[in-house]
Amino acid sequence: MRNVYGVLGNPIGHSLSPVMHGAAFKAAGIEAVYGTFQSVNLKGCIHGIRALGISGMSITIPFKTAVIPHLDAIDGMAREMGAVNTIVNRNGYLKGFNTDGWAAIKAIEKVVDPKGRRCIIVGAGGAARGIGYMARKKGMHVTVVNRGEERGSKLANFLECEFVPLSKIYDVDGDVIIQTTPVGMFPSADISPVPENVFHHGMVAMDAIYNPLETRFLKNAAARGCITVSGLEMFVLQGAEQFRLWTGLKPPTDVMRHVVKKALEEES
Ligand code: NAP
């Protein structure tokens, strides 16, 4: 019997995870299928994973935090972050992991050593929480910049760092800036939450958004001499780590990157 994997969320229609993981399993010679599961019934879905013997699941919006009490074990970092994006099923025993924050900082590490760098995180939602947690773990000096004070201050308290309202982003200087809001995502692609003059030559600018591949934020950053990192890299690396957790094998990361990039280019 083929192993079954999938992504669980609501809505789920836009997900590129099936393309990415399908290609990864094929490249690794693994007999597996990867499907999409859209539901509002989280508890029922978790029973379903056990009952049907689904080998692994990607978890996305809105279930990353809500799924935690339904699992048998949570990896230490995922527990501290308060969010799970991966379930591994070993004979009905479900363990949750988080590969999002790790992937974002891994993508940054490809262009700069994060240790000791000042990192501006724009946004204070689920993605910002995982990224901020890993950034602190890697020795970065983090500042949370968010539109709303409530969520911004809450995340800054969790990360034990400073909060600055988005309207005062000019007051913050950084070596690295990571954009984690949905502003600039397809189809409203030609907007950025960050004013152009925040960017400076040599700064590293990463967008968590991967559709479009080159957001307005990244275009503006590149025009000001920043080193840019696309959200595609974060997406591919979080998926590659999921593959490693599910199979114990080295992920075919280049294949995964290629198929996702191709799918996004075909969409645009
Ligand atoms: P979320 O929990 O809903 O958080 C959204 C954040 O964006 C909040 O801080 C919110 O600020 C801010 N925001 C929303 N609209 C805004 C606007 N018009 N102007 C300024 N700020 C605004 O979302 P999330 O789960 O963190 O996801 C955020 C983005 O990251 C999405 O685009 C998602 O696709 C992307 N993402 C990418 C990957 C990847 O692998 N590349 C992984 C995870 C997420 P307030 O607090 O003021 O409302």
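Visitor: Which residue stands opposite Met206 in β11?

Guide: Ile178 stands opposite Met206 in β11. This is a predicted model, in which local features need pLDDT of at least 70 and side-chain atom pairs count only at pLDDT 80 or more, while totals for chains, interfaces and linings use all residues. Residues are numbered from 1 along each chain as its sequence is written, and side-chain values use heavy atoms, leaving out hydrogens and water.

Visitor: What makes β10 and β11 a pair?

Guide: Two strands pair if DSSP finds at least two bridges between them. Strand β10 (residues 176-179) is joined to β11 by four bridges, so the two strands pair. They run parallel. The strands (E, at least two residues) and helices (H or I, at least four) are DSSP runs, numbered from the N terminus.

Visitor: How many bridges join β11 to β12?

Guide: Three bridges join β11 to strand β12 (residues 227-229), and these strands also run parallel. Val204 stands opposite Ile227 in β12.

Visitor: What makes both faces of strand β11 covered?

Guide: On one side of β11 (residues 204-207) Val204 and Met206 are buried, and on the other Ala205 and Asp207 are buried. Buried means under 20% relative accessible area, exposed over 50%, and partly exposed in between (1.4 Å probe, protein chains only).

Visitor: Why is Asn91 called exposed?

Guide: Asn91 has a relative accessible area of 86%, which is over 50%, so the residue is exposed. Asn91 lies in the loop between β5 (86-90) and β6 (93-97), and its phi is near 55°, a positive value in a residue other than glycine.

Visitor: Why is Glu109 called partly exposed?

Guide: The relative accessible area of Glu109 is 29%; this value falls between 20% and 50%, so the residue is partly exposed. Glu109 lies in helix α4 (residues 100-109).

Visitor: What makes the approach of Glu109 to the side chain of Lys138 a polar contact?

Guide: A polar contact is a pair of N or O atoms within 3.5 Å; within protein, one must be able to donate a hydrogen and the other to accept it, and residues adjacent in sequence count only if both atoms are side-chain atoms. The side chains of Glu109 and Lys138 make such a contact at 3.0 Å, which is within the 3.5 Å limit. The two residues are 29 apart in sequence and 9.8 Å apart in space, C-alpha to C-alpha.

Visitor: Which residues touch the most other members of the largest nonpolar core?

Guide: Val142, Val144, Val176, Ile178 and Met206 do, out of 31 residues. A nonpolar core is a set of buried Ala, Val, Leu, Ile, Met, Phe, Trp, Tyr and Cys residues joined through side-chain atoms within 4.5 Å. A second, separate core of 22 residues includes Val7, Tyr34, Leu232 and Phe243.

Visitor: Where does Pro212 lie?

Guide: Pro212 lies in the loop between β11 and α7. The peptide bond from Asn211 to Pro212 is cis, with omega near 10°. Another cis peptide bond joins Ile61 and Pro62, with omega about 5°.
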